[in-house]
Amino acid sequence: MPGMITNGAVRKRKRDDAPKMDGSKPRKAPKTTSTGQSTQTRILHLEEQILQGREHYNNIVELQSLVQRYETKPRTATLAAVGLCRVFCRLIAAEALVKTGSATDEEAQVVRWLKGRLREYVEDLLTWIGSPEAAQESTSLTLLMRIVKAETSQGSKRSEQAWRTETSTFFKLIQALLERTDAEGARQEFGEKYADEYDDVRFYTFLAVKQVLKTSPAHSEEIVGGAVDLLSHMESPPDSDYQPQTWYSADAPSSAPNNPLLSLATYRKAAQETWLAIFRSPLTKDNRKRLLTLATSQILPNFSTRLELLADFLTDSFNAGGNLSLLALNSIFHLITHQNLDYPEFYTKLYSLLDEDILHSKHRSRFFRLLEVFLRSEHLPAALVASFVKRLARLSLQAPPGAIVWIVPWVYNCVKSHPSLGFLLHRPHHPAHRIYSAQSETGSDSAPIGLKDPFDMLESNPNTTGAIDSSLWELETLQSHYHPNVATLAKILGEQFTKREYVLEDFLDHSYASLVGQELGMEVSGKKGVEVEWAIPKRIVMEEAEEGLELNGVGRLLTGALGVM
Amino acid sequence: MPPSQLKALKTRLREKGITAPSKSKTQRKSGSGHANPKDRHTALQQIRDDFNPSELRHVSARPAKFPSTSIYNSTGSGKYAKILHRPGVSKSAGEDMRRQHLLPEMRRRNKTGGLIDRRIGEGDEGMTAEQRAVMRFTKEKEGRRGGVFDLEGSDDEGGLMGLTHGGRTIDELEDDDMKGSGKGSESEDEDAGFLVKKRRRDEEEDDDVEEADEGQPDVKKSKKEVMQEVIAKSKLHKYERQKVKEDDEDLIDKLDAGMADLLPLLRSQQAPPPPSAPIEIQPRNTANEAGMKMDPERQKLLDGMDRAQADKDYEKRLRELAQDTRAKPSERTKTAEERAKEEAERLKMLEERRSKRMRGEQVADDEEEEQGRDVDVEDVEENAVDALGNEEVGDDAEEFGFASAGVEAMQKTREKVRHVDEDEFDFDADLVASASEAELSDQESEADDASVPGEIMEAEQEQDEEDEFVNGILGGANATPITDSSNTTIVDGSGALAFTYPCPRSHAELLSIVDTLPVQQLPTIIQRIRALYHPSLSAANKEMMSDFSRALVDHLAYMAEHNQPLPVAEQVIRHLHSLSRTYAIPIAEAFRTHLLAWHERPGGEPSKGDLVVLTAIGSIYPTSDHFHQVVTPATTLMGRWLAVNAPSPGAKMVDERRSRVGALMVGLCVRWQALSKRIVPEAVRFTLRILATIAVTRTSSTEVAEHLENLTAMAELWKDKTAFIEIFQPFLPILRNLGSTATPASEHLTTLLGPSRQTRRPLLLHNHRPQPLRTSNPKFEEGFNPDKHYDPDRERSDAAKLRKEVNREKKGAVRELRKDGAFVAREELREKRERDADFVKRERRLVAEIAQEGRESQGGGGGRARGKGRR
């Protein structure tokens with residue numbers, strides 16, 4: 001009998017999820033108190049009675065009242081809920097909740113009443129979702145999914161209804177999952193245990209999420225956040241050889257060719273529409289960030305037809321600036337390379353991303369990695385690449401060593417692939433060079449006024465910044481960087497370019513932490529010893545003044561700093 | 001109709017002047033004609049060749065090859081000159097040769113025993129009987145020349161009269177036997193075919209040649225004679241040596257005789273010489289017939305002492321002498337001028353070393369190691385070049401000292417990392433030894449380094465300075481240690497201090513001593529402890545002091561945490577500095593521990609102690625070094641703090657703590673780079689941001705002054721940098737916003753920017769010599785010859801040459817064998833024919849004889865027989 005098996009399964013599942021409730025199980029509850037035992041037996045008794053016949057249906061009400069008193073008696077409530085779940089599953093399996101055509105008025109009334117109870121029961125359970133107690137949340141989720149299973153296992157037509165209609169348990173569950181902001185645990189559990197495992201659950205989840213977004217009265221940001229959260233917990237979408245195999249509902253869909261569950265196209269369509277629904281709804285910055293991080297792995301593969309809508313979303317994010325741009329960059333790149341997206345003014349936009357903060361951002365290495373890809377092509381105009389080079393060089397004057405360490409070999413590679421950039425490093429005097437002609441305009445040769453840097457930092461179009469006529473004084477200055485390794489690295493620009501190219505990946509993930517860790521990780525070498533300043537200064541923080549001693553510059557700074565610590 | 005050959009020959013001969021029309025006597029006398037027979041011969045040969053064109057095989061007999069394939073068909077030179085082949089001539093020569101050697105052998109085949117005629121010229125068909133006779137005669141004469149009664153001649157070599165066997169002397173025969181037995185060729189000889197015999201034949205010929213060679217040089221001396229000569233010579237030499245030695249001894253004796261007069265003079269100044277080198281009067285060596293005196297050591301050596309032992313003794317004594325303090329001349333007192341000069345030189349040298357370190361070069365004593373590392377780097381680069389850029393095995397970043405990425409892993413598994421780092425120096429075998437050397441006390445190391453004059457001076461200087469810190473106590477109990485006015489108070493109070501303390505070996509121990517006493521006393525206490533446990537007093541003190549220095553570093557941070565007065569901290573720093581001379585490594589490690597603690601503190605905020613530690617580092621260590629074990633991490637940590645704590649552009653208020661700490665850090669950065677003028681981007685950024693924030697929020701305070709001061713210092717420091725404009729231009733609008741307080745700084749910046757703009761020129765970084773193209777095999781050859789091998793690998797080309805030679809020889813041998821076979825067959829056929837012809841002849845003769853006999857017997861009854869026959 002399916003009901004029995006179901007119960008066993010529920011128990012097992014529950015044991016896994018809420019081990020602390022094991023003790024309350026009737027079968028292995030040797031230590032429970034007498035009162036506890038009595039309620040347990042009572043619940044079991046009630047449950048059995050219900051199953052015996054229609055006359056005991058009122059017990060349901062009693063059990064429900066127990067369920068509702070979770071705050072005071074959690075254990076009893078849980079037991080009652082489990083019992084009720086069993087009851088309803090059996091009733092559904094016995095088709096007690098179905099109004100048959102030949103039913104009498106009385107019967108119809110009973111069915112209606114039962115349906116009402118079920119609805120109430122589900123509502124009660126839904127209130128548990130999002131509660132701070134993980135065990136309670138998990139129990140309710142499990143029980144609800146049992147009900148869903150029972151509902152969706154009664155013939156193809158009614159199952160379909162149970163999946164899709166807004167009054168169904170499944171839909172309500174999804175709605176609750178999305179609406180409760182603090183139901184992260186439940187969402188994660190749902191994603192991992194059900195959506196990832198069962199193909200039909202995943203499919204209908206997409207549908208339900210879309211519907212919730214559509215029907216929810218206020219397009220509240222919480223719901224969207226919940227939706228993003230829920231969908232992010234689902235595993236990445238299937239690829240072309242999509243073969244749905246695992247079904248949650250007991251009656252697996254027939255292998256009829258027109259079954260929507262079996263075709264990849266329908267699946268994709270569902271997912272795509274859901275995502276689009278999310279894009280259309282108002283998004284907070286955090287949600288946007290989450291979406292963008294998901295974009296390449298979760299969202300993009302689902303989009304096969306209406307790419308422009310996705311592109312719009314990405315473009316919006318890209319234009320938003322800051323970290324959002326960085327995150328959107330990856331997906332846009334994916335679209336450009338894989339889906340042949342035409343992105344006008346891409347390099348201008350990319351160029352505008354290079355500001356002071358990017359070198360200090362925590363997404364620095366991610367950005368650098370992409371930047372290298374974008375600018376690797378040898379077919380790009382040299383002036384454009386020169387603008388990027390010059391701008392990064394300018395920014396590196398205030399950059400941390402970790403960024404400089406990447407910029408220098410990157411510039412090396414750029415010069416290698418665009419030989420005309422060599423002038424940035426070596427520009428012998430020639431009147432044809434703009435930098436010299438500009439000089440001769442401003443002053444005569446006899447009294448040189450000095451060279452004006454042709455590079456315009458404020459120009460936003462990378463093609464017209466004039467960087468190609470400039471010189472990389474900044475990187476030359478960095479050859480005397482305080483960190484010995486950085487300084488040595490910067491010197492490669494002044495040496496012969498014998499190496500074909502540097503593997504930039506090796507330079508990406510350096511930070512202060514790695515530099516300091518590396519230096520302090522080394523032991524003081526015994527052979528070389530430690531150099532010590534040979535002269536011992538008479539005064540360090542003090543200096544002699546007319547009367548006694550006074551603090552000198554360092555001393556003043558030091559006392560100032562110590563004073564505020 | 002072709003002209004007659006005879007006529008043509010005649011004309012040709014006449015043309016060449018070989019046959020001339022008969023000339024008159026005078027003409028014959030005056031005209032030289034063909035004086036040179038060689039010319040004549042060549043002329044004749046030419047004519048012969050012309051008339052027998054088929055005798056010559058021209059190179060053009062085969063179709064011409066392209067010059068790219070072979071150079072032979074064109075008229076080459078030298079080795080590749082055109083060669084005229086005469087197949088007919090070489091064929092007949094080969095035939096002759098075979099007839100000469102092969103034929104007799106063939107005839108002797110399958111025959112055992114018999115007599116081999118080894119007389120000169122026997123079997124040589126090229127010799128006439130007369131020639132043979134002449135040869136034999138001369139040989140005989142030659143052998144006799146010594147004469148039978150010649151005493152010089154040795155016993156065993158009586159000309160040709162020695163015992164011979166098979167035409168060879170017994171000696172040679174013995175050799176042969178040895179050879180034979182060695183190879184075990186006795187049995188082989190029998191069944192081995194023709195070739196083996198041929199080989200033997202060759203050997204025999206060789207022997208003949210040897211014999212001829214032996215006969216050539218004039219009479220040899222006998223072995224005995226030679227030995228006697230050698231003995232005589234050596235005796236003569238020995239005698240001469242002894243003679244010289246005797247003379248020397250006489251001279252020494254004479255000197256020794258005068259020694260008695262000298263000794264009193266020497267004794268007045270010196271202790272008697274060590275007993276290990278006694279001047280003993282040796283007993284006369286009776287064995288020495290010359291009766292001369294001998295050095296005892298030498299005598300011992302002669303008596304059979306171990307040579308190695310003697311060497312060791314010698315070395316030992318030499319070392320003793322060298323290390324004898326008296327061996328050194330005492331130093332004279334230097335004049336003031338000399339001292340000043342030395343001091344100046346010392347300073348100059350120190351400065352040189354410093355700037356070398358600043359440039360990242362290795363100072364002199366580390367050069368060897370540096371070379372080792374250089375090689376390593378080159379290796380790495382070589383790898384990179386070999387693989388053409390993309391396929392290097394190593395990490396690009398690692399070349400520049402950036403360990404590969406795993407940052408967290410690096411921190412977490414520092415132990416492992418250490419191990420890896422040590423691996424780098426694994427090749428340095430003497431690392432361990434040198435490490436222990438460094439642990440030696442300063443005195444010892446000074447003695448070791450004494451060869452470098454600068455080091456001595458430095459050591460002296462150190463000694464002087466150490467006196468300043470220590471001597472106060474060592475000299476007199478309560479003398480003023482430092483004659484600074486500030487310290488008078490300290491000394492005044494020191495009456496309450498104890499004079500001896502247990503040496504504190506941890507910070508806790510130090511605290512237990514110091515805590516109860518007033519802070520001002522601390523320098524005095526340190527001074528006393530340093531004096532009490534001066535390493536020169538006891539060997540154990542060294543370790544104690546090194547622990548004490550660690551504790552002192554901890555205490556420095558502790559003092560800052562507890563807001564103890566800075567002047568005292570300053571004194572502690574100076575003590576640490578002076579201690580660093582001796583205990584550099586422990587103190588550096590202690591500082592690094594503090595830095596590490598700061599680095600690992602969540603948030604990366606420095607404590608008060610860290611700030612003082614930073615100040616101390618800046619004072620104790622040379623901050624201008626390219627890399628320094630303490631300074632570099634400290635700067636990086638400051639950079640990190642500045643980068644993290646720079647206020648964001650939109651900040652609405654200035655955190656005072658941030659501002660003050662930042663000001664200190666920027667100030668320290670600037671001061672540390674005072675000499676090396678390295679750029680610190682984070683300091684620029686921090687100052688820029690903080691000034692901008694101040695300008696926006698209008699929080700005018702003393703901090704602005706600090707930051708402006710820092711800004712001016714930075715500008716002054718980096719005014720020569722090419723990117724000066726780029727660095728400092730952004731400050732100008734901010735300074736304008738700041739108002740009147742910033743006017744001086746703004747003006748200063750503007751004045752500095754002007755010249756910087758004027759002097760700036762586009763970069764010229766690549767004034768390198770153009771790189772030569774990589775040359776690789778095959779390189780271009782002038783006059784390339786396709787037949788020659790231009791393999792640069794000598795071994796391979798040699799092997800190829802050898803292989804080719806073997807091949808050619810093999811082919812030649814096969815051809816020869818085939819020709820031999822043909823010859824043998826031909827000869828056999830000829831013999832058979834001869835035999836057959838002989839047989840037929842004999843048979844005929846016999847038949848004829850018989851017939852005749854028959855006829856004769858029928859002489860009487862001839863008719864009867866005939867009649868019978870007819871019947």
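Helices (H or I, at least four residues) and strands (E, at least two) are taken as DSSP runs and numbered from the N terminus. The model is predicted, so that local features need pLDDT of at least 70 and side-chain atom pairs count only at pLDDT 80 or more, whereas totals for chains, interfaces and linings use all residues. Residues are numbered from 1 along each chain as its sequence is written, chains are lettered from A in the order in which they are written, and side-chain values use heavy atoms, with hydrogens and water left out.

Chain B contains 34 helices and two strands. Of its 871 residues, 31% count as buried, where buried denotes under 20% relative accessible area, exposed over 50%, and partly exposed the range in between (1.4 Å probe, protein chains only). Chain B exposes about 57,800 Å², and carbon and sulfur atoms supply 54% of this area; accessible areas come from the Shrake-Rupley method with a 1.4 Å probe, and for residues only the protein chains shown count as cover. Contacts (heavy atoms within 4.5 Å) were also examined by sequence separation. Among those in chain B between residues at least 6 apart in sequence, 70% join residues at least 24 apart.

A patch of positive charge on the surface is formed by B:Lys91, B:Lys811, B:Arg815, B:Arg818 and B:Lys819. Patches are made of residues with over 30% relative accessible area and no salt bridge, like charges being joined within 9 Å and nonpolar side chains (Val, Leu, Ile, Met, Phe, Trp, Tyr) within 5 Å. Lys and Arg count as positive and Asp and Glu as negative, while His and the chain ends are not counted; the place of a charge is taken as NZ of Lys, CZ of Arg, CG of Asp or CD of Glu. Helix H34 of chain B (residues 794–870) gives the most to the positive patch, with four residues. B:Arg818 lies in helix H34 and, at 59% relative accessibility, is exposed.

Side chains of opposite charge can pair when their charged atoms come close. Over all chains, the structure holds 36 salt bridges, each being a side-chain nitrogen of Lys or Arg within 4 Å of a carboxyl oxygen of Asp or Glu. In helix H1 of chain B (residues 5–16), B:Arg12 and B:Glu15 lie three residues apart, about one turn of the helix, and form a salt bridge whose closest N and O atoms are 3.8 Å apart. B:Arg12 is buried at 19% relative accessible area, whereas B:Glu15 is exposed at 61%.

A further salt bridge joins B:Glu656 to B:Arg660, with 3.7 Å between the closest N and O atoms. These two residues are separated by about one helical turn because they lie four residues apart in helix H28 of chain B (residues 656–672). B:Glu656 is partly exposed, at 38%, and B:Arg660 is buried, at 14%.

Elsewhere, salt bridges that share partners join A:Lys390, A:Arg394, A:Asp453, A:Glu474, B:Glu726 and B:Arg760 into one network.

B:Asn710, in helix H30 of chain B (residues 702–717), is buried, with a relative accessible area of 4%. Apart from neighbours within four places in sequence, B:Asn710 is in contact with A:Leu557, B:Ala663, B:Val666, B:Gly667 and B:Val670.
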